[in-house]
Every structure is written in C-alpha cells, then in structure tokens.
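Please read the points below alongside the sequence and the coordinates.

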Amino acid sequence: MGSQEVSNVDWQGKHVTVAGLGVSGIPAARALHERGALVTVVNDGDDERSRAQAAELEALGITVRLGDGDTLPTSTELVVTAPGWKPGKPLFQAAAEADVPVWGDVELAWRLRGPDAAPWLAVTGTNGKTTTVRMLASILEAAGLRTAAVGNIGVSLLDAVLGDETYDVLAVELSSYQLHWAPSLRAHSGAVLNLAPDHLDWHGSMAGYAADKGRIYEGNTVACVYNAQDGATEDLVREADVEEGCRAIGFTLGTPGPSQLGVVDGILVDRAFVANRQKQAQELAEVADVDPPAPHNIANALAAAALARAFGVQPAAVRDGLRAFRPDPHRIEHVADIAGVAYIDDSKATNTHAAEASLASYEPIVWIAGGLAKGATFDELVTGAAKRLRGVVLMGADRALIREALARHAPEVPVVDLDRTDTGAMSAAVLEAARLARPGDTVLLAPACASMDMFVNYNKRGEAFADAVRGLADESA
C-alpha cells in the first residue's frame with residue numbers, strides 16, 4: 001500500500017489493526033469492516049466503557065483485544081491508530097520492524113474519499129486552530145458553499161468523507177498528532193497559524209513537533225498560508241514540497257506586503273488575491289467585524305480569510321462570514337462586569353503561548369493561572385506580561401512553577417497562592433481576584449496549563465469560573 005494510493009485499495013480480506021477505541025477508532029473499525037477488512041481493535045484500557053464499546057464491535061464480527069495495546073497482532077498488514085498514541089509505543093516499533101505501515105484517522109479518511117471528493121482547506125498551529133477553522137467554515141457558508149468544520153474539531157473526518165452529505169469544500173482542523181500519521185495528505189491549501197513549544201513529550205523535540213506541523217503544506221496546490229510574524233511558519237513553507245504554481249501567502253497584524261493579508265487603519269485587507277498585488281489592496285472586513293477583536297483573534301481571521309480567498313471566495317463573503325461567526329465558549333469569553341471589573345474566561349489557554357496572546361489583550365489584569373504545566377516553563381510568559389499585572393491568583397498542581405517565575409521577573413506583583421487542587425478552589429480564586437481588582441481592571445482566567453489535575457477538561461474549568469463569577473455578581477446585586 002504505497003503512499004500515493006488513494007481510494008483504490010482492495011480491503012477485502014486485509015488484516016488491519018485499529019489502535020484505540022474512541023472518537024476515531026470506532027468509526028475506523030466500522031468503515032474498514034464494512035469494506036471487507038479483517039479488523040482487530042487493540043486498546044490499552046479495559047474499563048466498563050471500553051467493554052461496552054468492544055461488545056458493540058464484536059457483535060459486528062470485529063475482534064477486540066482490551067488491555068493489550070502494545071502487541072502487534074499476527075498477520076497485521078496495516079495499523080490505523082488513534083492520533084494520541086505516541087510514536088514510541090511498542091506496537092508501532094513492532095510495526096516498523098515488520099514493515100507494516102501506520103496510518104492515522106486523517107490518512108484513512110484521505111484514502112477512502114471518493115473520486116469527486118471535496119477539496120480540503122487545512123489548518124494547524126499551536127493555538128487558534130478551532131477558532132480559525134470555524135471562522136473559515138462561516139466564510140465559506142456565507143459564500144454559498146456546502147461545507148463543514150471537521151477533523152480535530154470534533155466532527156470525524158471519516159464521517160464527513162463517507163457520509164451521505166456532499167460538500168463543495170471542507171474546513172479541516174488538524175493536530176500535530178494527526179499530521180504525524182498522515183503521510184499522503186495533499187490539501188488544496190494549508191495554514192500553520194503559529195509555532196510554540198507544546199506536546200514535546202509526544203513529539204520528542206521542538207524540531208519533531210515543527211516537522212509534523214509542516215506536513216500540512218506537503219503537496220498543497222494553491223496556497224501555503226503562514227504567519228509573517230512567526231518566522232518558523234515561513235521556514236516550514238520553504239521546506240515544503242508543493243505543486244507547481246502553489247503560492248506562499250503571509251498574514252500579519254501590520255501593513256501587508258505583496259502576497260500578504262494584513263491590517264490597515266482598522267481594515268482587514270488582501271494584497272495576495274488581487275490583480276495587481278504590487279499596487280492594489282482589497283478591503284475584506286473591519287476589525288470590528290471580528291468577535292472578539294483581540295490581536296490573536298484578528299490573526300485567526302486573516303488566516304481564515306486567506307484560505308477562503310485561495311478557494312476563490314469573494315470579499316463580501318469574508319466580511320459576512322466573520323460577522324456571523326461566534327466564538328466557542330471559554331475562548332476569551334466575557335462573563336460579566338462587576339463593580340467596574342470585567343471577568344474574562346479563557347480556560348482554553350492551556351499552554352503558555354495561548355496565555356501570552358490572552359494576556360496581551362487586556363490591561364491591567366488580575367491573572368488566575370495554574371494547573372498541569374505539561375513540562376512548560378513560565379519565565380518568558382511572566383516577563384512579557386509583568387507590566388500588565390495588577391495581581392495574580394495561583395492554583396493547581398504546578399502553580400509553584402508560575403510563582404517562582406513571578407518571583408524572578410515580577411517580584412512587585414502581589415500573588416495569592418491557593419494551596420488546594422479541589423474544584424472548589426475556583427470560587428476561592430475568583431473571590432481573591434475580586435479583592436485584588438480595581439475598577440477598570442480585567443480578571444482573566446488564562447491558566448497557561450492543562451486542567452486535568454482539578455477538572456475533567458478546560459470546559460469544566462471555564463464553567464466553574466463562570467459559575468463563581470455569577471455567584472459573585474449575585475452577592476454584589
């Protein structure tokens with residue numbers, strides 16, 4: 001099964017091992033079984049939920065092995081893995097030794113798509129992927145195109161590719177994990193929004209992480225969209241092997257040069273997809289059309305606009321799509337104003353790069369931070385934000401790392417260290433933040449850490465913050 005084969009694989013009787021039950025594994029197992037493959041699912045876990053999922057698959061005739069995700073089943077000809085499984089797992093080492101290819105769910109979807117399948121406009125980056133893809137889908141819909149936001153965003157690419165609904169184009173969010181296992185993906189156009197250290201325990205190094213992100217540009221046919229203010233993304237474009245005629249398109253928060261999109265006097269403008277990009281610029285939308293108009297969200301809008309323009313979308317649809325877009329919860333979400341203080345929920349800021357963008361959007365700030373650091377360091381983040389900080393409230397398992405960075409780089413900023421990791425700590429954090437804040441300040445939940453030490457996910461953390469703020473509002477009423 002060479003990397004250039006697409007939908008012409010004869011699955012009948014092929015021994016395929018699917019690694020992992022879950023969002024991607026179950027649809028993959030079903031799809032392959034329906035095509036005549038002999039499917040074995042292996043899974044690390046053997047809990048009640050896994051057993052229920054296994055029973056459903058076994059009823060179809062699919063073999064499931066629970067509690068044994070490291071052993072490669074005999075006769076395996078292909079492994080299809082859930083994106084989160086680390087490349088160093090013994091299962092993949094055994095596959096490499098046996099010369100058995102490993103695909104992810106994205107690769108499988110790419111191979112199974114039909115001959116008239118919709119082209120993909122693909123987005124990756126350390127932060128902003130989901131927002132950008134949803135903005136892109138909104139713009140495409142405003143242009144009258146049949147589309148969907150799919151991939152890492154929650155809608156299975158397999159479901160989109162194999163379902164009954166037909167599309168003109170797909171807006172595809174891809175994580176570094178998914179790209180690692182997608183060797184033959186060839187998008188119409190792709191974008192890398194930004195690059196900052198993240199998931200290094202999975203990729204092994206920053207170079208490995210960047211290389212996997214850069215896979216999104218391989219084989220692009222129309223445009224490779226990069227962040228002109230993040231040189232690492234432009235480097236990935238230079239290294240990519242693209243189709244003849246594919247263009248490098250930059251986006252910037254400043255005045256754009258030729259072949260770029262940017263901002264001039266509060267207007268989002270295009271100097272890439274115009275007749276004379278040396279002398280002309282096309283107005284696309286106003287900064288005020290973007291919700292919220294924070295700098296990093298303007299960058300997301302420019303990236304989405306660049307991909308849409310690469311697909312031939314007219315300027316009016318860019319404006320209308322951005323106006324219609326509403327951000328997901330817990331992404332710089334305004335919860336309330338209490339006693340002249342704004343309370344902002346950016347629980348989705350689960351790493352330092354996302355928190356940096358969030359902190360740059362407000363001033364002065366009482367910052368609520370902490371959680372699981374995932375190997376991150378905080379000196380650079382604190383140094384950049386120090387002048388904006390009125391105070392800091394820390395909680396969570398790795399809060400000491402942030403506290404120590406504050407002591408080094410912002411010793412004059414008052415810090416409240418909540419020595420607790422129970423879910424009730426959020427209410428205490430909001431109370432402490434309210435005590436530190438003055439009228440005109442912003443209390444900002446931008447944890448710069450993952451949530452799983454205290455909460456199921458960042459959504460639950462954000463909900464706890466919002467509940468605490470609403471409780472505070474009730475007391476103030």
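1. Which residues of helix H10 (residues 231-239) are buried? In this predicted model, the buried residues of H10 are Thr233, Leu236 and Val237. Seen down the axis of H10, these buried residues fall within an arc of 100°, so they line one face of the helix. The face turned away from that buried side carries Arg238 and Glu239, both of them exposed. The cover over the buried residues of H10 includes one helix, H9 (206-214), together with strand S9 (189-192), strand S10 (223-227) and strand S11 (247-251).

2. Helix H3 (residues 90-97) can be read in a similar manner. Its buried residues are Leu91, Phe92 and Ala95, and they cover an arc of only 90° around the axis, which puts them on the same side of H3. Ala96 and Glu97, on the other side of H3, are exposed. What lies over the buried residues of H3 includes strand S1 (15-19), strand S2 (38-43), strand S4 (78-81) and strand S5 (102-104). Asp99, which follows H3, has a positive phi, near 60°.

3. On helix packing, helix H1 (residues 25-34) and helix H2 (residues 48-59) pack with their axes 11 Å apart and at an angle of about 10°. Angles under 35 degrees count as roughly parallel, and H1 and H2 are therefore roughly parallel to each other. On the H1 side the contact is made by Ile26, Ala29 and Arg30, and on the H2 side by Gln53, Glu56 and Leu57.

4. Next, the cysteines. How many disulfides does the count come to? The count is zero, where a disulfide would require a pair of cysteine sulfur atoms within 2.5 Å. For Cys224, the closest cysteine sulfur is that of Cys246, at 3.8 Å, which is too far for a bond. Cys224 is buried, with a relative accessible area of 2%, and Cys449 also counts as buried, because its relative accessibility is 0%.

5. Ala305 is found in helix H11 (residues 295-310) and is buried, with a relative accessible area of 0%. Leaving aside neighbours within four places in sequence, Ala305 is in contact with Ile139, Leu261, Leu284 and Val318. The C-alpha atoms of Ala305 and Thr132 are separated by 9.2 Å, although the two residues are 173 residues apart along the chain.

6. Is His330 buried or exposed? His330 lies in the loop between helix H12 (315-324) and strand S15 (333-338), and it counts as buried because its relative accessibility is 7%, where buried means under 20%. Beyond its neighbours within four places in sequence, His330 is in contact with Asp345, Asp346, Ser347 and Lys348, and also with Tyr458, Asn459, Gly462 and Glu463.

7. A last point concerns confidence. The chain averages a pLDDT of 92, and 96% of the residues score at least 70. Over residues 1-6, however, the pLDDT is below 50, and this stretch has 14 contacts in the model beyond near neighbours in sequence. Where pLDDT is low, the predicted coordinates should not be read in detail.

Key: Residues numbered from 1 in each chain as written. Predicted model: local features only at pLDDT ≥ 70, side-chain atom pairs only at ≥ 80, totals over all residues. Heavy atoms only, no water. Helix = DSSP H or I, 4+ residues; strand = E, 2+ residues; numbered from the N terminus. Buried < 20%, exposed > 50% of the residue type's maximum accessible area, 1.4 Å probe, protein only. Contact = heavy atoms within 4.5 Å. pLDDT = per-residue confidence, 0-100. Arc of directions from axis to C-beta. Axes fitted to C-alpha atoms, helices over the stretch in contact; angles between N-to-C directions. Parallel < 35°, antiparallel > 145°, perpendicular 65-115°, else oblique.
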